[in-house]
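Hi,

Here is the structure I promised to pass on. My notes on the strands and the aromatic rings follow below.

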Amino acid sequence: MMVILGLLTSFLSFLYVIAPSIRKFFAGGVCRTDVQLPGKIVVITGANTGIGKETARELARRGARVYIACRDVLKGESAASEIRADTKNSQVLVWKLDLSDTKSIRAFAEGFLAEEKQLHILINNAGVMMCPYSKTADGFETHLGVNHLGTGVTTYSVHPGIVRSELVRHSFLMCLLWRLFSPFLKSAREGAQTSLHCALAEGLEPLSGKYFSDCKRAWVSPRARNNKTAERLWAVSCELLGIQWK
């Protein structure tokens, strides 16, 4: 038994020693475009922390006016202040947006349309995972209400990989695992690369609506590519939200 424990301890010690190399191997793709964004308008949901915050930082660094749309305005202001200081871009703004409340979503949209004539980049980054059972202000189950109905339709779908973020905050077990395996997980900056790639890389227009991972197009299951299923989901979603889409 002691021999087994000794071998296990040695293996874990070795694993943690080489953790930086393992994490670098699994870090995935990197957005390599040098496109600059002066005069461009960007909205990023949930950009007060994690992947969204790092995405906002990079787009602000490239000269865009960035709207951080988040539920926690105080945390958003803290993130915006940090980004403004880091990028020397004063055009990093924070607006209230609660994706669990369609009234908040409509108020945000109306306010934005009154303020800006164009929107060049929209990144739907905000989301929830493993929440205790609850409902949104409109009576939808929280995961459905926030991640699907609240976020709406995206141009590209992306998978950032396994990232050290606050997404698992509702699960004690996942938080424990995230902390234990944090040396092997992507950083928030690494996790932001695919979103940045889809927002900035030139020539992606023909791939609109496709699925990306590690800065390249990724495989999607046949069920996810079923047009009838997609049409039915769209119709049901519009019905739930009381939207008549023409």
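Two strands count as paired if DSSP finds at least two bridges between them; helices (H or I, at least four residues) and strands (E, at least two) are DSSP runs, numbered from the N terminus. Before the details: this is a predicted model, where local features need pLDDT of at least 70, side-chain atom pairs count only at pLDDT 80 or more, and totals for chains, interfaces and linings use all residues. Residues are numbered from 1 along each chain as its sequence is written, and side-chain values use heavy atoms, with hydrogens and water left out.

On to the sheet. β5 runs parallel to strand β6 (residues 211–213), with three bridges between them, and H159 has S213 in β6 as its bridge partner. The open sheet has three strands, ordered β5-β6-β7, with mixed pairing. Its edge strands, β5 (157–159) and β7 (216–217), each pair on one side only.

Now the rings. Phe, Tyr and Trp (its six-membered ring) pair if ring centres lie within 6.5 Å; planes under 30 degrees apart are stacked, over 60 edge-to-face, the rest tilted. That gives four aromatic pairs. One of them is Y67 with F112, edge-to-face at 5.4 Å centre to centre and 80 degrees between the planes. Y67 sits in strand β2 (residues 65–70) and F112 in helix α5 (residues 102–115), so this pair ties together parts 45 residues apart in sequence. F112 also stacks with F108, at 6.4 Å and 15 degrees. Ring pairs link Y67, W95, F108 and F112 into a cluster.

Cheers
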